[in-house]
Amino acid sequence: FDAHVQEDVLQHFDAGKPVIIYAPTWRDSESSTSFFSAVETILGALPDDYNLLIKLHPNLEHDDENMLEVMRIVAEHEQRPNVQFLSEYPLIYPLLSACDVYVGDHSAVGYDYLAFDRPMFFLNESGRTHEDRSAYLYRCGHVIDSQDYSKLFERISVVLDDENPKISEQRRKVYAYTFADTNTSQLVAKITDALRI
């Protein structure tokens with residue numbers, strides 16, 4: 001699978017540049033996505049010394065209300081040598097393994113990225129804090145409020161040079177809690193108990 005990611009995605013990039021993945025969620029009933037308010041600011045601020053993968057949520061592309069806007073943004077930027085849009089790409093873990101930094105909002109892909117204990121940034125559209133249940137993952141990285149989206153790469157540069165070790169510790173704790181080791185018999189017992197309710 002790593003070879004597929006190399007061939008499908010990474011070979012299009014300059015190998016000497018850090019790879020950042022931006023994986024926004026879709027526009028759900030809570031308007032959780034940062035895509036429509038952030039992507040053009042991010043693309044406008046992207047320096048030449050970073051590669052940017054934008055992993056489109058399938059529901060972003062197939063939402064009749066927003067599909068044309070997504071297509072317009074992709075068409076305007078897909079020829080840039082350090083930008084790549086990924087559509088319906090299923091190899092999540094090999095893809096994340098190849099990335100140096102994660103940028104997201106409320107996407108579950110952020111939980112998958114915890115496995116790699118690398119820098120994470122969260123685009124905070126709604127002023128949520130890590131105390132909010134819907135923003136639990138924010139404690140694992142760095143929150144960028146909407147007025148600072150244009151400064152994302154400056155923040156990434158600082159963190160890549162020197163990230164606080166306490167954030168790494170927090171990522172490992174949240175990963176352990178989220179993906180707790182449970183043997184098969186314990187898992188079957190938990191499912192059976194849940195079905196009895």
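## Salt bridges at the surface

Arg 196 is exposed, with 63% relative accessible area (exposed means over 50%, buried under 20%, and partly exposed in between, using a 1.4 Å probe and protein chains only). Its salt-bridge partner is Asp 193, at 3.1 Å from N to O, and Asp 193 is partly exposed at 44%. A salt bridge here is a side-chain nitrogen of Lys or Arg within 4 Å of a carboxyl oxygen of Asp or Glu. One thing to keep in mind: this is a predicted model, so local features need pLDDT of at least 70 and side-chain atom pairs count only at pLDDT 80 or more, while totals for chains, interfaces and linings use all residues. Residues are numbered from 1 along each chain as its sequence is written, and side-chain values use heavy atoms, with hydrogens and water left out.

Across the whole structure, the search turns up 9 salt bridges. Among them is Arg 72 with Glu 76, at 2.6 Å from N to O. These two sit about one helical turn from each other because they are 4 residues apart in helix H4 (residues 67-77); helices are DSSP runs of H or I with at least four residues, strands are E runs of at least two, and both are numbered from the N terminus. Arg 72 is partly exposed at 29%, and Glu 76 is partly exposed too, at 46%. Through shared partners, salt bridges join Glu 40, Glu 69, Arg 72 and Glu 76 into one network.

Asp 117 is partly exposed at 26%, and Arg 172 is partly exposed at 47%.

## Two nonpolar cores

The largest nonpolar core has 28 residues, and Tyr 22, Phe 35, Ile 54, Val 103 and Ile 156 have the most contacts inside it. Such a core is a set of buried Ala, Val, Leu, Ile, Met, Phe, Trp, Tyr and Cys residues joined through side-chain atoms within 4.5 Å. Strands E1 (19-23) and E2 (51-56) and helix H7 (152-161) are among the elements that each supply at least two residues, but H2 gives the most, with 5.

Take Ile 54: leaving out residues up to four places away in sequence, Ile 54 touches Tyr 22, Phe 35, Val 39, Leu 43, Gln 84, Phe 85 and Leu 86 (contact means heavy atoms within 4.5 Å). A second, separate core has 26 residues, including Val 19, Tyr 89, Phe 122 and Tyr 138.

## Rings and a buried threonine

There are 9 aromatic pairs in the whole structure, where rings of Phe, Tyr and Trp (its six-membered ring) pair if their centres lie within 6.5 Å. Ring pairs link Tyr 93, Tyr 102, Tyr 113, Phe 116, Phe 122 and Tyr 138 into a cluster. Tyr 93 sits in helix H5 (residues 92-97) and is partly exposed at 36%.

Over in the loop between E1 and H2 you'll find Thr 25, which is buried at 8%. Among the residues Thr 25 touches, not counting those up to four places away in sequence, are Ser 32, His 57, Asp 105 and His 106.

Conventions. Phe/Tyr/Trp six-rings, centres within 6.5 Å; stacked < 30°, edge-to-face > 60°.
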